[in-house]
Amino acid sequence: MQPQRVEYWLNAKPDDPVAFTAQVAAVCEASQQAPAVAQAGGHVISTDEKTGIQALERAAPTLPMQPGLVERPAYAYLRHGTQCLIANFDVATGEVVAPTIGPSRTEEDFAAPSARTLATDPEAPWLFIVDQLNTHKSEALVRLVASACGIAEDLGEKEQRGIVQSMSTRAAFLSEVSHRLRFLYTPKHASWLNQIELWFSIVVRRLLRRGNFTSVEDLRERIL
């Protein structure tokens with residue numbers, strides 16, 4: 001037993017266990033098939049935002065590791081603000097495509113790097129694995145998909161009618177399997193199925209946890 005250790009956990013209790021199981025299977029299958037999709041010219045992208053990344057500057061220099069002593073960073077620090085990292089992780093290659101770092105995470109902030117990612121191979125099939133966040137079911141994404149797929153029909157009006165009326169109608173359009181560009185959603189409380197979370201944890205361990213950043217610009221440059 002190790003009483004000094006603690007780990008968070010969340011026991012998801014789906015309203016519909018059958019639907020939950022099907023969603024989990026779809027995400028796992030998409031990740032498993034990513035190399036074959038890449039070989040056929042397509043892309044499976046795991047994407048998400050990492051919010052509230054603090055640009056913390058240590059108030060004193062970090063004391064290096066010595067025999068018998070661990071590395072000792074200063075306890076006090078200066079706050080220089082926060083940034084949001086939006087990253088698109090290619091499941092087959094491990095490449096992070098068109099990452100964006102900025103002060104906010106609006107639907108436009110999320111749609112913009114998605115568009116830049118698509119521009120790297122504009123004619124290819126794309127599948128984006130995302131969680132259930134509202135910015136992943138936005139009007140901006142619907143219009144991006146419609147433009148990329150050449151869909152000219154009336155998309156409607158937000159909160160009034162048509163495809164963009166509600167999050168559920170937008171999500172149904174964005175996840176339509178006939179589209180060359182589509183989104184696949186992880187079940188609620190199961191974003192850990194998305195491989196970008198593994199990459200985010202590596203960034204935290206290797207860079208952020210021991211980082212010393214003199215400004216948000218410094219933080220942004222170091223992450224990129």
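Arg161 is partly exposed, because its relative accessibility is 41%. This is a predicted model, so keep that in mind throughout. The partner of Arg161 is Asp154, in a salt bridge whose closest N and O atoms are 2.8 Å apart. Buried or exposed, then, for Asp154? Exposed: Asp154 has a relative accessible area of 52%. The cut-off for exposed is over 50%.

How many salt bridges does the structure hold? Six. I'll go through two others.

Next, Glu139. Glu139 forms a salt bridge with Arg143, and the closest N and O atoms are 2.9 Å apart. Both residues sit in helix α4, which runs over residues 139-149. They are four residues apart, about one turn of the helix. In general, an α-helix has 3.6 residues a turn, so residues three or four places apart point the same way. And side chains of opposite charge can pair when their charged atoms come close. As for accessibility, Arg143 comes out at 38%, which makes Arg143 partly exposed.

Now Asp218 and Arg222. Their salt bridge has its closest N and O atoms 3.9 Å apart. The cut-off is 4 Å, so at 3.9 Å this pair counts as a salt bridge. The spacing is four residues again, this time in helix α7, residues 216-223, so about one helical turn separates Asp218 from Arg222. What about burial? Asp218 is buried, at 17% relative accessible area. Buried means under 20%. Arg222 is partly exposed, at 38%.

On to helix α1, residues 17-32. First, its length. There are 16 residues, and at 1.5 Å a residue they should span 22 Å. The end C-alpha atoms are 22 Å apart, so the two agree.

Which residues of α1 are buried? Val27, Ala30 and Ser31. They cover an arc of only 100° around the axis, so they lie on the same side of α1.

Last, the start of α1. There, a side-chain oxygen of Asp16 comes to within 3.1 Å of the backbone nitrogen of Val18.

Definitions and conventions: Residues are numbered from 1 along each chain as its sequence is written. This is a predicted model: local features need pLDDT of at least 70, side-chain atom pairs count only at pLDDT 80 or more; totals for chains, interfaces and linings use all residues. Side-chain values use heavy atoms; hydrogens and water are left out. A salt bridge is a side-chain nitrogen of Lys or Arg within 4 Å of a carboxyl oxygen of Asp or Glu. Helices (H or I, at least four residues) and strands (E, at least two) are DSSP runs, numbered from the N terminus. Buried means under 20% relative accessible area, exposed over 50%, partly exposed in between (1.4 Å probe, protein chains only). The expected span of a helix is 1.5 Å times one less than its number of residues. The arc is that of the directions from the helix axis to the C-beta atoms. A polar contact is a pair of N or O atoms within 3.5 Å; within protein, one must be able to donate a hydrogen and the other to accept it, and residues adjacent in sequence count only if both atoms are side-chain atoms.
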